[in-house]
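Subject: Structure for you to look at

Dear colleague,

Here is the structure that I promised to pass on to you. Please open it beside this message, and then read on for what was found in it.

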Amino acid sequence: MADLHPLAKQIHQASPAPLRLELSDGTSGVFRMGHTEWFQTEFQAEGTRDDDEATYRFVTDGDALLVGRETADGWTTVGTVTAVSPVG
C-alpha cells in the first residue's frame with residue numbers, strides 16, 4: 001500500500017488548529033480546516049484562510065497536495081502546498 005502524503009498527514013493531524021501553509025506560488029497564509037478526510041491514501045480537506053473570505057479545497061494527486069480556491073465563477077487552482085507549520 002502506498003504511503004500517505006506527508007504534508008496532508010500534518011494538516012489532518014493538526015486540524016482543527018490553525019496552520020501556516022506555504023504554497024508553490026510563493027505565498028503563505030494561515031489556514032483553518034473545516035474538515036479533513038482520507039479515502040484510503042487519498043486526502044481531501046476544505047477550509048478558510050485567515051486573510052481571505054474564500055473557501056479553499058485541498059486534495060492529493062500523486063506526490064502533490066493541490067490547492068483550489070472558490071471564486072464567483074467556480075473553482076480555480078492556486079497551486080500546491082510546499083510546507084506546513086504550526087501557528088503560535
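**Strands and barrel**

Strands β5 and β6 (residues 74-86) pair in the antiparallel sense over six bridges, where strands are DSSP runs of E with at least two residues, helices are runs of H or I with at least four, and both are numbered from the N terminus; two strands count as paired if DSSP finds at least two bridges between them. Before going further, please keep in mind that this is a predicted model, in which local features need pLDDT of at least 70 and side-chain atom pairs count only at pLDDT 80 or more, while totals for chains, interfaces and linings use all residues. Residues are numbered from 1 along each chain as its sequence is written, and side-chain values use heavy atoms, with hydrogens and water left out.

Within the pairing of β5 and β6, Val67 stands opposite Gly79 in β6, and the two strands form a hairpin with two residues between them. Tyr56 stands opposite Arg69 in β5, and in the hairpin of β4 and β5, which has two residues between the strands, Gly62 takes a positive phi near 65°. Strand β1 (residues 19-23) is joined to β2 by four bridges, again antiparallel, and the bridge partner of Arg20 in β2 is Val30.

The overall arrangement is a closed barrel of six strands, running β1-β2-β3-β4-β5-β6 with antiparallel pairing. Neighbouring strands of this sheet are turned by 45° against each other on average, direction ignored, with axes taken as lines fitted to C-alpha atoms (for helices over the stretch in contact) and angles running from 0 to 180 degrees between N-to-C directions.

**Aromatic rings**

How many aromatic pairs does a search of the whole structure find? The search finds three, where rings of Phe, Tyr and Trp (its six-membered ring) pair if their centres lie within 6.5 Å, and planes under 30 degrees apart count as stacked, over 60 as edge-to-face and the rest as tilted. Phe31 and Tyr56 form an edge-to-face pair, 5.2 Å centre to centre with 90° between the planes. Because Phe31 lies in strand β2 (residues 28-39) and Tyr56 in strand β4, this pair ties together parts that are 25 residues apart in sequence. Phe31 is buried at a relative accessible area of 1%, and Tyr56 is buried at 4%, where buried means under 20% relative accessible area, exposed over 50% and partly exposed in between (1.4 Å probe, protein chains only). The rings of Trp38 and Phe43 have their centres 5.0 Å apart and their planes at 55°, so this pair is tilted. Ring pairs also link Phe31, Tyr56 and Phe58 into a cluster.

**Around Thr60**

Thr60 is found in strand β4 (residues 55-61) and is buried, with a relative accessible area of 10%. A polar contact of 3.2 Å joins the side chains of Thr60 and Glu42, a polar contact being a pair of N or O atoms within 3.5 Å; within protein, one must be able to donate a hydrogen and the other to accept it, and residues adjacent in sequence count only if both atoms are side-chain atoms. The side chain of Thr60 also reaches the backbone nitrogen of Phe43 at 3.0 Å.
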